[in-house]
Amino acid sequence: MERFDFVEVKVPAKAEYVGVVRLTMSGIANRMGFSYEDIEDLKVAVSEAITNAVNHAYHETEQGEITVGFGLYADRIEIMIADHGGSFNLIEVKNGIGPYKSNEPIETLREGGFGLFLIEALMDDVKINNSHGVIVLMTKYVSEKEVDVDDDQVSTTQ
Amino acid sequence: MNLTVNVVEENEKSILNVVGEIDAYTAPKLKETLLPLTRAEGKIIEVNLENVNYMDSTGLGVFISALKSTKESNSKLMLVNLQERVLRIFEITGLDEIMDIKAAIRGGNE
């Protein structure tokens, strides 16, 4: 099986935590060697998914949790955002996800307006599962022009 | 992760200086300040986004309602000094076509 590191973050389904997850995203993406532009894309995509989950959770119950899982692979990051609050298994959830179909009941996601559209535009791959709450799985590949994954310094030469 | 908004009145023009990040948490604050300005008849509302380094679709939502509101009151909404990243969100969604946007000077240091 392909090796990966896994980071899980759980936050209350409240708008004030969108920025907290965004900061986490930024830190992980920076560690993985994503370019500045890609890190900004990832920050927007993650924030959009959390915002959707916050809106969705508010309709269901007064208080919910959002679970965010980051799968760090050598060549890509996989991010899962689940709004049912429960912990999840990366492999198990991936097996339950099919391609996104426009006839699926995703009104709750769409109410963010351009949120899902932006996620799809900014990520390399997006899958949505709404059989148990809503789970968004999105992938972005580390661009090949990035050289050193462990380099913390911003390179000034290209 | 915070947002500050202040308004400068200049004759027929209201200038809204926005500083920080626009997301689900801070967008309501922006909307609260911006929307009342757009209801005034025949005004120019200039939103200075020079110091906004992050914005997502929640920000787009606020500017869409503000644009609609200005149309009703014969006012004009202008977004100025957008950073590259913020402009990109408008471009991807195609909203740069319907918004009056003047981006920051391009080609400078990033």
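**Labels and their cut-offs**

Analyst: Helix 5 of chain A and helix 3 of chain B are roughly perpendicular to each other. The model is a predicted one, in which local features need pLDDT of at least 70, side-chain atom pairs count only at pLDDT 80 or more, and totals for chains, interfaces and linings use all residues. Residues are numbered from 1 along each chain as its sequence is written, while chains are lettered from A and ligands numbered from 1 in the order in which they are written.

User: Why are helix 5 of chain A and helix 3 of chain B called roughly perpendicular?

Analyst: Their packing angle is about 100 degrees, with the axes 10 Å apart. Axes are lines fitted to C-alpha atoms, for helices over the stretch in contact, and angles run from 0 to 180 degrees between N-to-C directions. Angles under 35 degrees count as roughly parallel, over 145 as roughly antiparallel, 65 to 115 as roughly perpendicular and the rest as oblique. The two helices are therefore roughly perpendicular.

User: Which residues make that contact?

Analyst: A:Phe117, A:Leu118 and A:Ala121 of helix 5 of chain A meet B:Ile89, B:Ile92 and B:Thr93 of helix 3 of chain B. Being in contact means that the C-beta atoms, placed from the backbone, lie within 7 Å. The residues divide into five nonpolar, one polar and no charged. Here Ala, Val, Leu, Ile, Met, Phe, Trp, Tyr, Cys and Pro count as nonpolar, Asp, Glu, Lys and Arg as charged, and the others, Gly among them, as polar.

User: What does chain A bring to its contact with chain B as a whole?

Analyst: Chain A gives 18 residues and chain B gives 15. On the side of chain A, helix 1 (18-32), helix 2 (36-60) and helix 5 (115-122) each give two or more residues. The largest share, seven residues, comes from helix 2 of chain A. By class, that side has eight nonpolar, six polar and four charged residues.

User: What makes helix 1 and helix 2 of chain B roughly parallel?

Analyst: Helix 1 (residues 27-38) and helix 2 (residues 57-72) of chain B pack at about 10 degrees, their axes 9 Å apart. That angle makes them roughly parallel. Among the residues in this contact are B:Leu30 and B:Leu34 of helix 1 and B:Val62 and B:Ala66 of helix 2. The classes are six nonpolar, seven polar and one charged.

User: How do you know that the length of helix 2 of chain B agrees with its number of residues?

Analyst: The expected span is 1.5 Å times one less than the number of residues. For the 16 residues of helix 2 of chain B this should be 22 Å, and the end C-alpha atoms are 23 Å apart, which agrees.

User: Why is strand 5 of chain A called mostly covered?

Analyst: Five of the seven residues in strand 5 (residues 135-141) of chain A are buried. A residue is buried if 20 or more other C-beta atoms lie within 10 Å of its own (exposed if 12 or fewer, partly exposed in between), with C-beta atoms placed from the backbone.

User: What makes strand 3 and strand 4 of chain A partners of strand 5?

Analyst: Two strands pair if DSSP finds at least two bridges between them. Seven bridges join strand 3 (residues 76-82) of chain A to strand 5, running antiparallel. Five bridges join strand 4 (residues 125-129) of chain A to strand 5, also antiparallel. In strand 5, A:Met138 is the bridge partner of A:Val126.

User: How many helices and strands does chain A have?

Analyst: Chain A has five helices and five strands. Helices (H or I, at least four residues) and strands (E, at least two) are DSSP runs, numbered from the N terminus.

Notes: Contact = placed C-beta atoms within 7 Å.
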